[in-house]
Amino acid sequence: MSCLFCQKGSSSFSRLEPVQDERQTHSFPIDDIVGNSLNLFQEIYECKDCHSLWWIKTRGTGDPRSTYPEFYEQTAERFDDQRSELIRHPSVPGFITHKNSLFPYTFFEEILEVLSQKETETLKTLYFQRDPSLPSTIKRWLLQWFQKHYPNEFQEIQKKGFPTSAGPLFSLAENETAIVSEFIARDQFAFITSFGEKYFLQTYDLTKKEILWKVPISKPFLEGLEIPILFYQSGYLCSYQGFQKGSEYFSKLNRPDKLCIYDLSGKLIVSIPLAYKCYEILSTEERDVSENRISHNFCFTILSETLYLPHQSQIQVYDLKSGKLIRNISLPKLEIFSGKVFETESGNLLFHTLKGILGINSSDEIIFQYLSPYHPVFIDSQYQFYYYYAIVESANTGEKKEFKQTHDSGISLVRELASTPIEFPGGIYLPFSLDGSLLLDSQLETIKKFPFSATDTLGPHSFGMAKTPIIVTEDRIVITSDFSGIYMIDFSGNLLLEKPIESEVLSVFTFDGKHTIVLLSFHDDYSDDKETSLLLLSPKGEVITEKLLPGPQGLSVSFDGICIFAKNNQMFSLDLFATENSR
């Protein structure tokens, strides 16, 4: 008996059968559809007479509001010539071409089983390429196949990630893992490790290939807002340790307990109990300018071997040569020190506070003060205050400028800032929430408008997020926006890079003042683990390198572009400027 195409020229068929028993699917015949047939793959049959290929399937159907199907439906579709060619002659290029074509659910897995007998190297290459556009069924099959047939290579990838050019630096104890790392010299980095309930701070020399020193520390701050817990500042190694509970219900309000500052040989200089606070801006008092949100204060400044640290409504001043507290500076009107202090050419100190600016001389006498009734999100070098609603106020003249947007209705409203404004030589970059941004000159006149903006870190529900989505390099501004894009402009407003992304930006930074690193969250069906995608951008906006690494744990980059990262109890290094660029 011939198929329906032989008999009538038909290319489709369907029929219904009422459900008699919900516990058993009705069994339809197929010989009246495809006749004397060959079963090539699941649900795919070939007519022996005309060699037409048919996809025959059964499913339940009926009222979508019903819990159980009312009918069982059998449908048949004759494959076109292009899909038929792939079924008859399976090939890797063929199924990549038809990756979005309609086939039975298990077809790609079945065809890959056939190909795995003769095209192992091609499939291996396909796994290494990690094409994100392939269907999930193909990705999962490739992962399981590679893991089974190449277990040693799979373990190497699990340790070092893509590419395999990453080299092992050293191994820690079996159950010891690196949490975070930070370069403190061109060829030396410090890192914190966890070993059970014990924690250690140590440094490694890339030239000598040895650990220089190792000291025990208390538990780092890991249970709250994601702030840097190990960083280099002004010639010192700083670490946030311990834990203060800020909220019974919301972990992002938790705070570190102490600040430890070490010299570069591992000697502890000071260990200071912290009195940082989390300040809530009252909506009833500041609604029209600052909005209702949370402001964190985790900053401090080191100037000329002197530490200036917020302590409630005071500024604690430490001499880092002796490690002693020199004095306390009391702020007027119970103001709060933001942690930022600058030294003027005349030797006076200028402190940024929660709501203003305070200038004092060498005798701690106040020589200048400007206190705003509102909370600025940023103060630039010309003493201009920028508020959450895009209002800029000059502390010198008291003048205000509003940045508004006129809607289709004709109503003009003040815009909101998405993230902290960024100052660059000659101007300011203003990112607005929802959409759009402006590049301004030093007089706040518009140089250029852009349709894109940065990740929203200032909104009412941001809780003072620590990450900075915008950075300024030597002569560029790099803007990132979660699940949207990466952009690079020069100081004249020329767009050098626009790269769409579909993931969260974990971090953006420069390691030499010219090149930019962007770390993106990454997860696909080629791996069971969450990974990190690293992009190295040139000053011209070119993607020099794209690497897929195991995760952000212990990751940092040296001035020369040497990336180090951790996996389990091992540390690895990778030259980001190497010519090898496979993922």
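Modeller: Helix axes here are lines fitted to C-alpha atoms over the stretch in contact, and angles run from 0 to 180 degrees between N-to-C directions. The model is a predicted one. On that basis, helix H5 (residues 107–115) packs against helix H7 (residues 136–149) at an angle of about 35°, and their axes lie 9 Å apart. The crossing of H5 and H7 is right-handed. H5 contributes Phe108, Glu109, Leu112 and Glu113 to the contact, and H7 contributes Thr137, Ile138 and Trp141. Sorted by class, the contact of H5 with H7 has four nonpolar residues, one polar and two charged.

H7 itself has 14 residues, which at 1.5 Å a residue should span 20 Å; its end C-alpha atoms are 20 Å apart, so the two values agree. The buried residues of H7 include Thr137, Ile138 and Trp141. Also buried in this helix are Lys139, Leu142, Leu143, Trp145 and Phe146.

The loop between helix H6 (120–129) and H7 holds Arg130. The side chain of Arg130 meets that of Glu531 in a salt bridge, 2.8 Å from N to O. This pair links distant parts of the chain, 401 residues apart, with Glu531 in strand S41 (residues 531–537). Buried means under 20% relative accessible area. Arg130 therefore counts as buried at 2%, and Glu531 is buried as well, at 9%.

Notes
Residues are numbered from 1 along each chain as its sequence is written. This is a predicted model: local features need pLDDT of at least 70, side-chain atom pairs count only at pLDDT 80 or more; totals for chains, interfaces and linings use all residues. Side-chain values use heavy atoms; hydrogens and water are left out. Helices (H or I, at least four residues) and strands (E, at least two) are DSSP runs, numbered from the N terminus. A crossing is left-handed if the near helix is turned anticlockwise from the far one by less than a right angle, and right-handed if clockwise. Contact means heavy atoms within 4.5 Å. Ala, Val, Leu, Ile, Met, Phe, Trp, Tyr, Cys and Pro count as nonpolar, Asp, Glu, Lys and Arg as charged, and the others, Gly among them, as polar. The expected span of a helix is 1.5 Å times one less than its number of residues. Buried means under 20% relative accessible area, exposed over 50%, partly exposed in between (1.4 Å probe, protein chains only). A salt bridge is a side-chain nitrogen of Lys or Arg within 4 Å of a carboxyl oxygen of Asp or Glu.
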